[in-house]
Amino acid sequence: MKLIIAIIQEDDTAQVSEALLEAGYRVTKIASSGGFLRKGSATILIGVEEHQVEEALQLIRGHCAAPAEPAIKRGTVFVIPVERFEQL
């Protein structure tokens, strides 16, 4: 199992979350801020199986708006191995 942590611009949050939910992924959204201008962003947490990582990443990439300037990044994504997972 993997944990995808996607930190994206607040403007893209709804589109990315909806696309992931429609594809059957469970999504947890956390409001966050950071970067040079402390712009609004969201941190999205998605638990996926190994074979689902690329599909989830494609959905995230495909539903983030193109940046206004080439130097500006649309988001940052981390894929972390999960050693243990429990639902309570």
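User: Which residues of helix H1 (residues 13–22) are buried?
Analyst: The model is a predicted one. Buried here means under 20% relative accessible area. In H1, the residues that count as buried are Thr-13, Val-16, Ser-17, Ala-19 and Leu-20.

User: Within what arc do the buried residues of H1 fall, seen down its axis?
Analyst: The buried set of H1 consists of Thr-13, Val-16, Ser-17, Ala-19 and Leu-20. An α-helix has 3.6 residues a turn, so residues three or four places apart point the same way. The buried residues of H1 line one face of the helix, because the arc they fall within is 165 degrees.

User: Which residue just after H1 takes a positive phi, and of about how many degrees?
Analyst: Helix H1 covers residues 13–22. Just after H1 comes Gly-24, with a positive phi of about 95 degrees.

User: What is the order of the elements from the N terminus on?
Analyst: The protein holds two helices and four strands. Read from the N terminus, their order is β-α-β-β-α-β.

User: How does the radius of gyration of the protein stand against the globule rule?
Analyst: The elements run β-α-β-β-α-β from the N terminus. For 88 residues the globule rule gives 12 Å, and the protein is close to that value, so it is as compact as a globular protein of that length, with a radius of gyration of 13 Å.

User: What box do the C-alpha atoms of the protein fill, along the principal axes?
Analyst: The box is taken along the principal axes of the protein. Its dimensions, for the C-alpha atoms, are roughly 40 × 20 × 20 Å.

User: What share of contacts between residues at least 6 apart in sequence joins residues at least 24 apart?
Analyst: Contact means heavy atoms within 4.5 Å. Among contacts in the protein between residues at least 6 apart in sequence, the share joining residues at least 24 apart is 69%.

User: Which residues of helix H2 (residues 53–62) are buried, and within what arc do they fall?
Analyst: The buried residues of H2 are Val-53, Ala-56, Leu-57, Leu-59 and Ile-60. They line one face of the helix, because seen down the axis of H2 they fall within an arc of 160 degrees.

User: Which residues of H2 are exposed on its other side?
Analyst: Val-53 and Ala-56 are among the buried residues of H2. On the other side of H2, the exposed residues are Gln-58 and Gly-62.

User: Is Leu-59 buried or exposed, and with which residues is it in contact beyond four places in sequence?
Analyst: Leu-59 lies in helix H2. With a relative accessible area of 18%, Leu-59 is buried. Leaving aside neighbours within four places in sequence, its contacts are Ala-19, Leu-20, Ala-23 and Tyr-25.

User: What separates the C-alpha atoms of Cys-64 and Asp-12?
Analyst: Cys-64 is in the loop between H2 and strand S4 (75–81), and is buried at a relative accessible area of 10%. Leaving aside neighbours within four places in sequence, Cys-64 is in contact with Ile-8, Asp-12, Val-16 and Arg-74. Cys-64 and Asp-12 are 52 residues apart along the chain, and their C-alpha atoms are separated by 5.3 Å.

User: Which residues are in contact with Lys-29, leaving aside its neighbours within four places in sequence?
Analyst: Lys-29 belongs to strand S2 (residues 28–34). Its relative accessible area is 45%, which makes Lys-29 partly exposed. Apart from neighbours within four places in sequence, Lys-29 is in contact with Glu-10, Thr-13, Ala-42 and Thr-43.

User: What is the relative accessible area of Ser-32?
Analyst: Ser-32 is placed in strand S2. The C-alpha atoms of Ser-32 and Gln-9, 23 residues apart along the chain, are separated by 9.5 Å. Ser-32 is partly exposed, with a relative accessible area of 25%.

User: How far apart do the centres of the positive and negative side chains lie?
Analyst: The protein has 9 positive and 12 negative side chains. The centres of these two sets are separated by 6 Å.

Terms used. Residues are numbered from 1 along each chain as its sequence is written. This is a predicted model: local features need pLDDT of at least 70, side-chain atom pairs count only at pLDDT 80 or more; totals for chains, interfaces and linings use all residues. Side-chain values use heavy atoms; hydrogens and water are left out. The radius of gyration is taken over C-alpha atoms; the globule rule is 2.2 Å times the number of residues to the power 0.38. Lys and Arg count as positive and Asp and Glu as negative; His and the chain ends are not counted. The place of a charge is taken as NZ of Lys, CZ of Arg, CG of Asp or CD of Glu. Buried means under 20% relative accessible area, exposed over 50%, partly exposed in between (1.4 Å probe, protein chains only). The arc is that of the directions from the helix axis to the C-beta atoms.
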